[in-house]
Amino acid sequence: MNVDDETLKNLSQRCGEYSLRCGREDQLKYQSVDLFPEDIDLVTVNLQKNDIEKRKNYPIYRSLISRRQRNRFLFTHMLSPTHNQPSPEDRISTPDAILQVALYKPSKRIGNNITRTLSNDSASLENVYAILGQQKLTELRDRIRCVNDVLVTGDYSDNPDLNISLCAWDVFKSGTFFIENVFYDDTRQPDNLKYSKEIVEWAAKSGIEYQCKTMETTKFNELTVRIGCPYLYLHQGNCEHLLVFSDIRMVHPHDNLNINEYPCVIQRSNKRRTICRVCAYASARWRTVESEHALNSTSFFCDACFRSLHYDKDGKKLGNFKAYKYFDEHTVL
Ligand SMILES: [Zn+2]
Ligand SMILES: [Zn+2]
C-alpha cells in the first residue's frame, strides 16, 4: 500500500474497532448486567436482564438452563464429495434435489398431543437423513432403524442362552408415513397391514377426507411438503415418530454424486448408554423385573453381572424374577 509504519500505526489507532466504543463500555467489557440501558422498554432486553439475574441467584435455574442449551449433537458431517468419481450407472441423474429429513425419537406423548410435545421441547431428535428427490419413500424407511425394530420380546429368565434370531423388524413389516393429509402405506409384503385404513374410515365419519397411497410407488419429488411442518412415521403398531423436512436444495457438483450413498445419516443426536447397575461400566444387556438381587423392581445389568448375580455355578436360576433382553438404542443402532 506504500504506507510507512508510522502512518499505519496512526491509522490503526484512530480507526480500530475500539474507537467506536463510548461511555463505560471499555470498563464493563460486556460482562455486567449494568450494561443494559435502564430506559429501554424492549421485551427482549428485559428478558435478557431477568435471565442473567436468575442465573446469578438461582443455581437450580442456572444448571437447568445450561443443560438445555448444551450442544446435543455428537457430530455433524455434511455431504462430502467422494474422491472416487462414481461410475456412470451409479451417478445421480441431475438435476435433482436433496431433502433433509429429521426423524425424532418415539414418544408416548407424541401420539396424544403433537403440538404440546413440540412446544415442551420434549421431542428429541434421533437422526437427520439426506435423501434424493428421485428416491422412493421406502428407501428412506429401510434406512431408518428404530430400537423397536430390533426388539426380541419375552421372558428369558429360565433360559437366558436361548437364541432367537428373529426380531420385530423380521416379523412386523407394516409402516406408514403421513404427509400433508396423505397416508403412504408400505404394501411390499402381501400380509402388511394398512395402518391408514381404520384412521381414514374413522375420519370419514367426521367428514374429514384423507388420501391413501403406497410408499413403494411414491418418490420424494412427487410429494408436496412444507419445511418445518411435523409429519408422522408410524411402525410396529404404535411406535410414532415425528418427521420434519428441514431443508430442500438442488444437488451441486460438490455433493457426493454416488446414488448408492443415499439416503445417508448426516446428523446424529448425542448418545448416552444405559449402563450396568453393578459394574457401572459395561452397557446394559438385560432388564430384570422383581429381582430380589436388585434394589429396584426394574434393573439393568450387563451380561456378566446378570449371570453371576442371578444363576449359580451350574446355571440354575436363583429366585423368582423375570429377565428381558435389553436393547439400548445407543449401543445397538
Ligand atoms: Zn420407532
Ligand atoms: Zn456389569
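In which loop does glutamine 236 lie? Glutamine 236 is in the loop between β7 and β8. The model is a predicted one, and every value quoted here is computed from it.

**Stop 1: the β7–β8 turn**

Select glutamine 236 and look at its backbone: phi is near 50°, a positive value in a residue other than glycine. With a relative accessibility of 16%, glutamine 236 falls under the 20% limit and so counts as buried. The turn belongs to a hairpin formed by β7 and β8, with 3 residues between the two strands.

Now extend the selection to both strands. β7 and β8 pair in the antiparallel sense, over 6 bridges. To see one of these pairs, pick proline 230, whose bridge partner in β8 is valine 244. Of the 6 residues of β7, 5 are buried, so the strand is largely enclosed by the rest of the structure.

**Stop 2**

For comparison, the ideal angle for four tetrahedral donors is 109.5 degrees.

Colour both by accessibility: cysteine 146 is buried at 3% relative accessible area, and histidine 235 is buried at 0%.

**Stop 3**

In one of the pairs, phenylalanine 177 has tyrosine 233 in β7 as its bridge partner.

Asparagine 181 is found in the loop between β4 and β5, and its phi is near 65°, a positive value in a residue other than glycine. Asparagine 181 is partly exposed, at 44% relative accessible area.

Which residues cover the two faces of β5? Val182 and Tyr184 lie on one side, Phe183 and Asp185 on the other, and all are buried. In a regular strand the side chains alternate between the two faces of the sheet.

β5 also pairs with strand β6 (residues 211–214): 4 bridges join them, and they run parallel. Valine 182 stands opposite glutamine 211 in β6.

**Stop 3: the largest nonpolar core**

Select Leu140, Phe177, Ile179, Tyr184, Phe220, Leu243 and Phe245. Of the 21 residues in the largest nonpolar core, these touch the most other members. At least two residues of this core come from each of β2 (97–104), β3 (125–132), α7, β4 (175–179), β5 (182–185), β7 and β8 (239–250). β2 gives the largest share, 3 residues.

Then centre on phenylalanine 245 and display its contacts. Leaving out residues up to four places away in sequence, the residues touched include Leu99, Val101, Ile179, Phe220, Leu223, Arg226 and Tyr231.

**Stop 4: the cis peptide**

Move to the loop between β8 and β9, where proline 263 lies. The peptide bond from tyrosine 262 to proline 263 is cis, with omega near -5°.

**Stop 5: the zinc ion (ligand 2)**

Select the zinc ion (ligand 2). Cys276, Cys279, Cys302 and Cys305 coordinate it through their SG atoms, at 2.2 to 2.4 Å. The 4 donor atoms subtend angles of 97 to 120°, which makes the arrangement tetrahedral. The donor spacing in sequence is C-x2-C-x22-C-x2-C.

Cysteine 279, in the loop between β9 (264–269) and β10 (286–289), and cysteine 302, in the loop between β11 (298–301) and α10 (303–310), are 23 residues apart. Cysteine 279 is partly exposed at 34% relative accessibility, whereas cysteine 302 is buried at 7%. A search for disulfides ends the tour: the structure holds 0.

Notes: Residues are numbered from 1 along each chain as its sequence is written. Chains are lettered from A and ligands numbered from 1 in the order in which they are written. This is a predicted model: local features need pLDDT of at least 70, side-chain atom pairs count only at pLDDT 80 or more; totals for chains, interfaces and linings use all residues. Side-chain values use heavy atoms; hydrogens and water are left out. Donors are N, O and S atoms within 2.8 Å of the metal (3.2 Å for Na, K and Ca); water is not among the atoms, so sites may look incomplete. Four donors count as tetrahedral if all angles lie between 85 and 135 degrees; four count as square planar and six as octahedral if opposite donors are over 155 degrees apart and all others between 65 and 115; anything else is irregular. Buried means under 20% relative accessible area, exposed over 50%, partly exposed in between (1.4 Å probe, protein chains only). A nonpolar core is a set of buried Ala, Val, Leu, Ile, Met, Phe, Trp, Tyr and Cys residues joined through side-chain atoms within 4.5 Å. Contact means heavy atoms within 4.5 Å. Two strands pair if DSSP finds at least two bridges between them. A disulfide is a pair of cysteine sulfur atoms within 2.5 Å.
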